[in-house]
Amino acid sequence: MAREMVADRHPTDLLLRSDRLPHIWCPGCGLGSVMSCYTDAVQASGIPVPLHVAVSGIGCTGRVAGYLSLDSFHTTHGRAIPYALGLKVANPELQVTVISGDGDLSAIGGNHLIHAARRNIDLTVICVNNFNYGMTGGQAGPTTPRGATTSTTPNGNYEEPFNLPHLLATAGAVYISRWTSLHVRQLRESMRVAIKKPGFSFVEVLSPCPVGFGKANDLGEGRDEMWFYRRRSIVDDNANLADVGLSMSEDEPIVLGNFVNRDRAPFRPAVEKWAIEEVLHGEA
Amino acid sequence: MIRRPMDAGLEQFRVPRGQVFIVPNRCKDCQFCMEFCPQDVLERSDDLNAKGYHYAVVAAGKEDSCVNCQFCNLVCPEFAIFSEEVTEVGSASH
Ligand SMILES: Cc1ncc(C[n+]2csc(CCOP(=O)(O)OP(=O)(O)O)c2C)c(N)n1
Ligand code: SF4
Ligand code: SF4
Ligand code: SF4
Ligand SMILES: [Mg+2]
């Protein structure tokens with residue numbers, strides 16, 4: 001058989017604004033891998049492509065919306081979820097997915113995140129956790145592990161980070177998983193399930209940011225951070241979520257899995273009196 | 001479930017085969033595909049693409065090793081590599 005054959009386009013170009021490629025993300029950044037898994041999950045979802053909408057906030061991850069050839073919305077910093085909520089409530093037939101960064105979703109947007117989970121809004125949230133604010137120069141945020149070096153924690157981060165799956169489980173999300181951008185098959189399948197799930201679904205993706213985080217923490221290039229995930233990851237769907245916090249220590253596992261899949265009535269605005277009656281007394 | 005030994009008819013379980021395609025000018029040499037391809041099919045090119053990166057190519061001697069698993073297709077952050085199943089004509093032995 002021949003060696004590689006040269007092509008001038010990729011099958012996924014159908015779902016991309018391919019005139020904007022190559023994208024701006026750094027070599028070794030995991031964001032393109034996450035976008036690739038998302039486009040594959042959209043195709044595998046069985047939901048017609050024109051019904052999918054992707055909503056991003058601000059940051060390197062926030063750029064995803066601009067590269068998709070879907071209806072997409074690049075919103076303001078931290079506010080992807082409120083925009084997505086408006087879209088979904090006004091157009092319940094749409095499949096609305098928020099794809100944004102750890103800082104955008106859990107720092108400036110943290111309150112929207114927990115209340116959307118509490119209200120069980122029918123959204124899928126894909127949170128790319130690269131442990132820092134990549135776009136603005138590698139500052140520490142609420143997901144930066146203890147001890148990690150960043151541009152704002154040159155002597156090591158002394159704060160306790162969020163354990164996002166545990167936070168979201170407590171807040172009420174009905175589907176919760178965590179994968180890395182190396183675990184592409186599991187990630188794609190998890191995104192597909194999350195997209196189909198009625199109610200608030202949350203997929204955390206650990207992803208290399210060699211420029212903002214990897215170099216400062218001796219993780220090397222993106223490729224080396226992928227090896228770091230391979231070395232340290234274990235899969236445990238039944239893990240006690242209180243114990244799945246992330247640390248820099250080589251001795252601690254990175255726990256991955258499809259952690260939560262439960263059912264609870266999704267948010268429906270009670271616009272009519274009968275709808276309130278339904279909530280109080282159950283469906284007739 | 002009872003597992004039975006596959007003592008006969010093994011030839012009907014053919015390993016899928018893939019042909020690798022590259023869009024050379026999209027590659028940024030992150031090496032995700034090369035490092036994690038389960039069959040070690042890929043390596044860096046000798047020459048550079050238009051942006052100055054070595055890009056992924058099929059390594060010498062690995063022409064028949066791709067099993068069309070789609071890992072490289074999914075992991076590539078640049079939409080620069082994919083594989084397509086090869087339907088073999090004639091004998092499966094090689
Ligand atoms: C209101 C406001 N505050 C601050 C900023 C600066 N800013 C841009 S992106 C960003 C953080 C992004 O971090 P994250 O969501 O983790 O995305 P990443 O770049 O890591 O993918 C900040 C603080 C802004 N654009 N708007
Ligand atoms: S700064 Fe980090 S997150 Fe942003 S594109 Fe570069 S590697 Fe990716
Ligand atoms: S499809 Fe699988 S076996 Fe073939 S080159 Fe890609 S990763 Fe390797
Ligand atoms: S994964 Fe894509 S960008 Fe990275 S080396 Fe392979 S072909 Fe190039
Ligand atoms: Mg980030």
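On its own, ligand 1 has 590 Å² of accessible area, of which the protein covers 71% (Shrake-Rupley method, 1.4 Å probe).

The shell around ligand 1 holds 16 residues, the closest being A:Cys60, A:Thr61, A:Asp102, A:Asp104 and A:Gly134; a residue is counted if one of its heavy atoms lies within 4 Å. Helix H4 (residues 102-108) of chain A gives the most to this shell, with four residues. Helices (H or I, at least four residues) and strands (E, at least two) are DSSP runs, numbered from the N terminus. By residue class, the shell consists of five nonpolar, nine polar and two charged residues. Ala, Val, Leu, Ile, Met, Phe, Trp, Tyr, Cys and Pro count as nonpolar, Asp, Glu, Lys and Arg as charged, and the others, Gly among them, as polar.

A:Gly137 is located in the loop between strand E5 (124-129) and helix H6 (164-171) of chain A. The C-alpha atom of A:Gly137 is separated by 7.2 Å from that of A:Ser151, 14 residues apart along the chain.

Residues are numbered from 1 along each chain as its sequence is written, and chains are lettered from A and ligands numbered from 1 in the order in which they are written. The model is predicted, with local features needing pLDDT of at least 70 and side-chain atom pairs pLDDT 80 or more, while totals for chains, interfaces and linings use all residues; side-chain values use heavy atoms, without hydrogens and water.
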